[in-house]
Amino acid sequence: MTDVPERERFEARDEAGTLAGVVTYQLTGSIIAYTHTKVDPEFEGQGVGSTLARAVMEDARTRGRTVVPICPFLDGWLGKHPEYEKIVVRSTRKIK
């Protein structure tokens, strides 16, 4: 997984360098809002989304960032991974 700050996204690529999936974000100071997770159809069902989710959350924790999970996939993933709750802030309203 690679952070590509000029495109405001993290990218996951396979061994051949093919783009497998991305997590887009908006960074404001130490607050990072993960806005969307997309996995290429060729890589669906292979754990790419979960790998990306864990990687972006570990990156946020390492950098001391507060996470706002706008992306429904990441929000759902976080529901199964309470170890990240200390760095997550949730809004009281849903964004659709």
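The paragraphs below lead through this predicted model from its sheet to its helices and then to the core.

Residues are numbered from 1 along each chain as its sequence is written, and the side-chain values use heavy atoms, with hydrogens and water left out. Because the model is predicted, local features need pLDDT of at least 70 and side-chain atom pairs count only at pLDDT 80 or more, while totals for chains, interfaces and linings use all residues.

Strands of a sheet pair through backbone hydrogen bonds, either parallel or antiparallel.

T37 has its place in strand β4 and counts as buried at 16% relative accessibility, where buried means under 20% relative accessible area, exposed over 50%, and partly exposed in between (1.4 Å probe, protein chains only). Leaving aside neighbours within four places in sequence, T37 is in contact with V22, V23, C71 and F73, contact meaning heavy atoms within 4.5 Å. V68, by comparison, lies in strand β5 and is partly exposed, with a relative accessible area of 24%. Not counting residues up to four places away in sequence, V68 touches I31, I32, A33, Y34 and V89, whereas the C-alpha atoms of V68 and F43, which are 25 residues apart along the chain, are separated by 26 Å.

The helices come next. α1 has 15 residues and reaches 21 Å from its first C-alpha to its last, close to the 21 Å expected at 1.5 Å a residue, the expected span being 1.5 Å times one less than the number of residues in the helix. In α1, the residues V48, G49, L52, A53, V56, M57, D59 and A60 are buried. They cover an arc of only 160° around the axis, which puts them on the same side of α1; the arc is that of the directions from the helix axis to the C-beta atoms. On the other side of α1, T51 and T62 are exposed. What covers the buried residues of α1 includes β2, β3, β4, β5 (66–69) and α2. One of those buried residues, D59, has a relative accessible area of 14% and touches F10 and R65, not counting residues up to four places away in sequence. Just after α1, G64 takes a positive phi of about 70°.

In α2, the buried residues are L74, D75, W77 and L78. Seen down the axis of α2, its buried residues fall within an arc of 160°, so they line one face of the helix, while P72 and G79 on the other side of α2 are exposed. The cover over the buried residues of α2 includes β4, α1 and β5.

In soluble globular proteins, nonpolar side chains tend to be buried together. The largest nonpolar core here has 23 residues, and those with the most contacts inside it are Y34, M57, V67 and L74; such a core is a set of buried Ala, Val, Leu, Ile, Met, Phe, Trp, Tyr and Cys residues joined through side-chain atoms within 4.5 Å. The elements that give two or more residues to this core are β2 (9–13), β3 (19–28), β4 (31–39), α1 (48–62) and α2 (72–79), and the largest share, 6 residues, comes from α1. M57, leaving aside its neighbours within four places in sequence, is in contact with Y34, V67, L74, W77, L78, Y84, I87 and V88.

Notes
Helix = DSSP H or I, 4+ residues; strand = E, 2+ residues; numbered from the N terminus.
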